[in-house]
Amino acid sequence: MSSEKPFIDVRHAAKSFGALEVLKDINLQVHKGQIVAIIGPSGSGKSTLLRAINELDPLSGGEIWLEDMQINKKLPPRQYEKHINKVRQDIGMVFQHFNLFPHLTVRHNITLGPTMLKGMSKGEADKLAEEQLAHVGLSERIDYYPSQLSGGQKQRVAIARALAMKPKVMLFDEATSALDPELVEEVNLVMKRLAEEHMTMIIVTHEMAFAESVCDRVLFMDEGVVVEEGPPEVIFKNPVNERTQNFLRKHLNG
Amino acid sequence: MGLDFSVVPGFLDSILIGALWTIAITLSSAAISFFGGIFFAVISLYGHWVIRLPFRAFAFLFMGTPLLLQLFLIYFGLIQIGIDLPAFVAGIIGLGLHFAVYNSDIIKAGILAVDKGQHEGARTIGLSKGQTLRKIIVPQAVRNVVPPIGNNMIALLKDSALVSVIGVTELTLSAQLAISQTYRAFEFYVAVAVCYYIINLCLEYSLHLIERRIQISR
Ligand SMILES: Nc1ncnc2c1ncn2[C@@H]1O[C@H](COP(=O)(O)OP(=O)(O)OP(=O)(O)O)[C@@H](O)[C@H]1O
Ligand SMILES: [Mg+2]
């Protein structure tokens, strides 16, 4: 496994917003089929790191690679736009607030990308939408508008929308934080299912129990650095670093 | 000379034809003002300054001068530089562009009000900036501003009377023509006022239906 080239390779990532250094020399390798959880206090840079991977917030320094392709290549604007749109098709992202398109039905939320970007016919895309919705258990909602769905359903549609692009990697930024507690489980189940299917995933989460149960590796971030990383049994049961211990004490008891 | 509405039915044909012209002018210039408004809004938000600055001057001209003058300019003025437009065409271009400039300000605000997450959601799928605008941002922006755009459409209907001065035989001019034959100003003005009112009601009702339909998709 370690001899293989990493799927996602973040090298010496740095990011500042003005004078504020949000990421400081972050390194992260994710291999194919691996599931990495990122935990850490609010403001530690977790979202920023995730958003850097698909260039929503481009890095100020360092490199990000997806297999053999550098994601954050310096290119002239027009070429860059083409390059990044291509890259993003390979990286699915799920947000805390779903970001479904409210003016489109569930069906069209899902088929938009495949028809516009992959040249899929309407019929093929419809079939794909049906498959993806069945996968997240929402077949009967295909012609609803997002405003007619619960938060948990919205998030499952958002996951189906991302999966319809057949991404190589899925990024989750606190996918369940905006949900009512009783709706968290249905989304977690979908993510667990993806894990069983060996989807490569990077999951930012505040849910320690969930992270422990699905991921292969945990990163604890604080103030823009990776303080500690390792397998979940080690990080959650026997963390070495004092900051990790303090953070977990608060979160596991809270 | 008392009032005598019995003269009106004799001119019903020409008044109805006038009403049809008014409707045609309103609908065509409403379409121009709507799509033009979107176009101008996108230019003024995202256009290169080479396009944006001339547009700004153009918008300033259309907002800062009387519509009547703009109609004169388009109909009588453009002939001198070889552009000879039929009155109807000059009328809908004038009305359409005038209201497009007003609509563009509203749509611009609508675009800026669309949640940032919508751009991010679209871009993470891999849509380009242009595709994101076209498929995601503008359709939502437009939905958000249906009421104020609707108000502009109603204003447009009323201002369509101005094209009578360049000789389009719409409602107002058809009243004038009837009056010039009968000298019954009050009766015919009231008759066409009723027509405007009815058209207005239909317009408002359609806008209401549109608003209801899009409620679910916002
Ligand atoms: N666009 C931006 N402009 C300026 N500062 C920003 C921007 N985005 C994030 N920051 C700052 O960067 C720091 C890290 O933010 P980030 O959102 O990555 O934290 P996080 O670990 O995801 O926190 P949370 O758990 O609350 O989501 C914060 O101090 C935040 O205020
Ligand atoms: Mg965050």
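An oxygen atom of ligand 1 is placed 3.2 Å from a polar backbone atom of A:S44, a polar contact being a pair of N or O atoms within 3.5 Å, where pairs within protein also need one atom able to donate a hydrogen and the other to accept it, and residues adjacent in sequence count only if both atoms are side-chain atoms. The model is predicted, so local features need pLDDT of at least 70 and side-chain atom pairs pLDDT 80 or more, while totals for chains, interfaces and linings use all residues. Residues are numbered from 1 along each chain as its sequence is written, chains are lettered from A and ligands numbered from 1 in the order in which they are written, and side-chain values use heavy atoms, with hydrogens and water left out.

**Ligand 1**

- A polar side-chain atom of A:K46 lies 2.7 Å from an oxygen atom of ligand 1, and an N or O atom in the side chain of A:H206 is 3.3 Å from an oxygen atom of the ligand.
- Taken alone, ligand 1 exposes 630 Å², and the protein buries 60% of that (accessible areas by the Shrake-Rupley method with a 1.4 Å probe; for residues, only the protein chains shown count as cover).
- Ligand 1 is surrounded by 13 residues, of which A:S42, A:G43, A:K46, A:S47 and A:T48 are the closest (a residue is near a molecule if one of its heavy atoms lies within 4 Å of it).
- By class, the shell holds four nonpolar, seven polar and two charged residues; Ala, Val, Leu, Ile, Met, Phe, Trp, Tyr, Cys and Pro count as nonpolar, Asp, Glu, Lys and Arg as charged, and the others, Gly among them, as polar.

**Sheet of chain A**

- An open, antiparallel sheet of chain A has four strands in the order β2-β1-β4-β5 (strands pair if DSSP finds at least two bridges between them).
- Strands β2 (20-30) and β5 (69-70) of chain A stand at the edges with a single partner strand each, so one side of each is left without a neighbour in the sheet.
- Strand β1 (residues 8-17) of chain A is joined to β2(A) by seven bridges in the antiparallel sense, and A:V10 stands opposite A:L28 in β2(A).
- The hairpin of β1(A) and β2(A) has two residues between the strands, and A:G18 takes a positive phi near 60 degrees there.
- Strand β4 (residues 61-66) of chain A pairs with β5(A) over two bridges, antiparallel; A:L66 stands opposite A:M69 in β5(A).

**Loop residue A:G33**

- A:G33 lies in the loop between β2 and β3 (35-39) of chain A.
- Not counting residues up to four places away in sequence, A:G33 touches A:H198, A:M199, A:T200 and A:D216 (contact means heavy atoms within 4.5 Å).

**Chain B and its interface**

- Chain B has nine helices and zero strands, and its C-alpha atoms fill a box of roughly 75 × 45 × 25 Å along the principal axes.
- In the interface, 24 residues of chain B are in contact with 26 residues of chain A.
- The area buried between chain B and chain A is about 2100 Å², with 60% given by carbon and sulfur atoms (the accessible area, 1.4 Å probe, that two parts lose on being put together, summed over both).
- B:T124, B:I125 and B:I216 supply 30% of the area that chain B buries against chain A, more than any other three residues.
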